Protein chains: 2
Amino acid sequence: MRRKIQRLTPEDYAKGILQGNRYMLSRAITLIESKRSQDQDLAYQVFEKILPYTGNSVRIGITGVPGVGKSSFIESFGKMLTNKGLKVAVLAIDPSSQRTGGSIMGDKTRMESLSNDPLAYVRPSPAGAALGGVARMTSECILLCEATGFEVIIVETVGVGQSEIEVRNMTDFFLLLMLAGAGDELQGIKKGIMENADLLAINKADGDNQMKARQARVVYQKALHWFPLSDSGLPVKVVTCSALENRGLENIFKVIQNFKEKTQENGRFQARRQSQNTYRMHRTIKAELERRFYEHPEIRQALTEKEQQAQVGELHAVNVARELLNLYEQK
Amino acid sequence: MRRKIQRLTPEDYAKGILQGNRYMLSRAITLIESKRSQDQDLAYQVFEKILPYTGNSVRIGITGVPGVGKSSFIESFGKMLTNKGLKVAVLAIDPSSQRTGGSIMGDKTRMESLSNDPLAYVRPSPAGAALGGVARMTSECILLCEATGFEVIIVETVGVGQSEIEVRNMTDFFLLLMLAGAGDELQGIKKGIMENADLLAINKADGDNQMKARQARVVYQKALHWFPLSDSGLPVKVVTCSALENRGLENIFKVIQNFKEKTQENGRFQARRQSQNTYRMHRTIKAELERRFYEHPEIRQALTEKEQQAQVGELHAVNVARELLNLYEQK
């Protein structure tokens with residue numbers, strides 16, 4: 001016989017989270033990830049209660065192409081932070097449904113040491129979840145982690161376009177990991193990521209690779225002059241590091257701390273968070289308008305036939321759209 | 001006293017258009033471009049009537065960075081086609097509001113010779129119109145031009161990201177104009193346009209530039225191997241041309257004709273148009289859902305205050321979104 005988990009009130013959740021209870025944090029995240037509207041309603045009641053206790057962290061987005069060593073970097077970087085006594089949460093966005101693929105975030109062997117650290121909390125995305133959905137949840141997970149008392153929130157994303165923009169839009173500091181090597185240089189430029197990074201770190205600057213990494217640092221630093229100034233008002237730096245040999249990680253954290261301090265002074269820190277809130281609001285409205293439309297029983301029933309008529313050109317696509325919209329409004 | 005233009009019925013429009021009356025075509029396009037819902041309703045009644053008479057053209061999208069010579073190319077290419085007795089319509093998307101700027105499409109001196117050609121019809125976009133809006137109209141303008149009897153429809157767009165994707169999504173054949181020169185090569189790759197082109201044409205292959213153009217042709221042809229195969233099932237070619245000296249234009253038209261023939265045989269021609277219809281339908285639904293939401297009087301009234309609350313973090317962005325959506329649904 002399966003034991004039923006007791007249904008908690010918004011107060012129960014909020015109290016547990018604010019006491020730093022990770023079990024309660026995990027249950028709240030599960031609530032957020034649930035597709036049941038009952039769960040969603042409950043989740044947003046929890047948010048009303050915890051919101052005043054959020055915001056007190058530095059939110060770091062980390063990206064880079066597959067193979068750049070994101071997981072090892074986060075493991076080493078996270079351990080360095082917990083060794084300082086800092087509470088670190090790691091959230092991962094895995095758009096595994098994207099055509100370029102990506103690593104399997106559910107993999108138990110990843111970040112094993114950090115996962116077992118009492119000061120750290122590692123939460124991978126559910127595999128196969130829709131990109132928009134995962135990003136939506138991740139933004140909420142950041143707030144839940146902050147209310148639980150985590151001081152550094154790391155959001156990881158694999159190097160594919162849309163998910164990077166999403167992560168950029170929910171973090172204070174965006175770190176692009178790169179490798180020394182000609183092909184990779186093109187990658188970074190091609191994908192338009194460099195324009196959004198607050199720091200470029202050339203990883204795997206160890207062993208025979210050190211010289212190449214230092215050379216690449218110079219090349220990237222020059223390339224950055226082609227791009228418009230960051231909205232942070234601070235110059236974008238390029239550094240080298242080695243997650244394997246634990247080198248350069250302290251320096252990266254110093255850059256981040258300095259960035260936070262300076263952008264709090266010049267107001268860009270608050271400005272970014274505020275514009276992220278507005279973006280988040282409009283994005284939710286758009287996503288929700290579409291969801292409500294496409295999940296409406298009458299639309300679901302009519303859609304296949306209408307789509308077919310538009311597709312083969314029996315009716316004009318826009319006329320079909322207008323018919324469906326009118327049907328929806330008369331519901 | 002201003003003379004009032006007589007209001008026509010959908011039948012008047014359809015009849016005029018199907019008789020090849022350009023004045024009626026222009027008036028129908030004006031109708032489509034109107035923001036009044038009365039005009040829009042009328043326009044879509046016209047579409048129901050003309051739809052069976054559309055589709056009998058080859059729809060060519062043309063793009064390239066500013067300075068590549070798009071207007072001169074279209075002028076020369078269009079004249080070459082009308083000299084064969086073909087009826088040619090040119091539609092232009094000008095996202096002049098984009099930050100990268102772009103040429104002014106309303107410029108009367110552009111394509112002067114083609115504009116005065118009785119077999120040609122040149123219609124620039126209204127300056128400053130919203131990108132999505134222009135693209136929406138352009139797609140409808142193609143259908144109106146086809147019903148009026150135009151056999152080749154050329155849609156021009158300046159080299160900025162989103163408008164290119166839109167034009168790609170409403171044409172049968174996508175031509176990327178390029179120049180010989182190192183910087184430009186990077187441009188094409190960077191913007192991800194090369195992946196969507198059906199043909200690359202290196203323009204200005206004239207005078208001292210001929211050798212450089214031929215060399216660039218080889219470089220681009222090699223570069224194309226890095227990209228996945230086109231969904232047309234046909235290899236993407238690179239050619240050189242000179243709009244100034246009228247060279248290579250016949251060849252480009254031959255490539256297009258051959259492309260149409262082959263993709264009609266392998267089914268990709270119809271498949272592209274069908275998926276474009278579906279895309280168009282869903283895109284219209286999304287745009288219209290948003291428009292109806294944001295233009296609703298109660299939402300307009302509540303939005304500024306609510307946006308402010310979300311922005312400063314007084315309320316959670318998602319909770320604000322949900323509040324507004326509930327307000328909208330109860331209207």
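These questions and answers go through a predicted model with chains A and B.

Colleague: How many helices and strands does chain A have, and what percentage of its residues count as buried?
Modeller: The secondary structure of chain A comes to 13 helices and seven strands. A residue is buried if 20 or more other C-beta atoms lie within 10 Å of its own. Chain A has 331 residues, and the share that counts as buried is 40%.

Colleague: How are the two copies related?
Modeller: Chain A can be laid on chain B with an RMSD of 0.2 Å. This takes a turn of 179 degrees and a shift of 0.1 Å along the axis. The copies are thus related as by a two-fold rotation axis.

Colleague: Which helix supplies the largest share of the side of chain A that touches chain B?
Modeller: The contact takes 34 residues from chain A and 34 residues from chain B. On the chain A side, α3, α8, α11, α12 and α13 each supply at least two residues. By class, that side has 16 nonpolar, nine polar and nine charged residues. The largest share, twelve residues, comes from α11(A).

Colleague: Do the copies meet through the same surface or different ones, and what percentage says so?
Modeller: The test is which interface residues of chain A are also interface residues in chain B. The copies meet through the same surface, because the percentage is 100%.

Colleague: Which residues of α3(B) meet α2(B)?
Modeller: From α2(B), the contact uses B:Ala28, B:Leu31 and B:Ile32. By class, the contact has six nonpolar, no polar and one charged residues. The residues in α3(B) are B:Asp39, B:Leu42, B:Ala43 and B:Val46.

Colleague: Is A:Lys204 buried or exposed?
Modeller: A:Lys204 lies in the loop between β6 and α9 of chain A. Its phi is near 60 degrees, a positive value in a residue other than glycine. Most residues other than glycine have a negative phi. With 25 other C-beta atoms within 10 Å, A:Lys204 is buried.

Colleague: What does B:Asn246 count as, buried, exposed or partly exposed?
Modeller: B:Asn246 is in the loop between β7 and α10 of chain B, and has a positive phi of about 55 degrees. With 14 C-beta neighbours inside 10 Å, B:Asn246 counts as partly exposed.

Definitions and conventions: Residues are numbered from 1 along each chain as its sequence is written. Chains are lettered from A and ligands numbered from 1 in the order in which they are written. This is a predicted model: local features need pLDDT of at least 70, side-chain atom pairs count only at pLDDT 80 or more; totals for chains, interfaces and linings use all residues. Two residues are in contact if their C-beta atoms, placed from the backbone, lie within 7 Å. Helices (H or I, at least four residues) and strands (E, at least two) are DSSP runs, numbered from the N terminus. Ala, Val, Leu, Ile, Met, Phe, Trp, Tyr, Cys and Pro count as nonpolar, Asp, Glu, Lys and Arg as charged, and the others, Gly among them, as polar. Copies are superposed by least squares on the C-alpha atoms of residues with pLDDT of at least 70 in both. A residue is buried if 20 or more other C-beta atoms lie within 10 Å of its own, exposed if 12 or fewer, and partly exposed in between; C-beta atoms are placed from the backbone.
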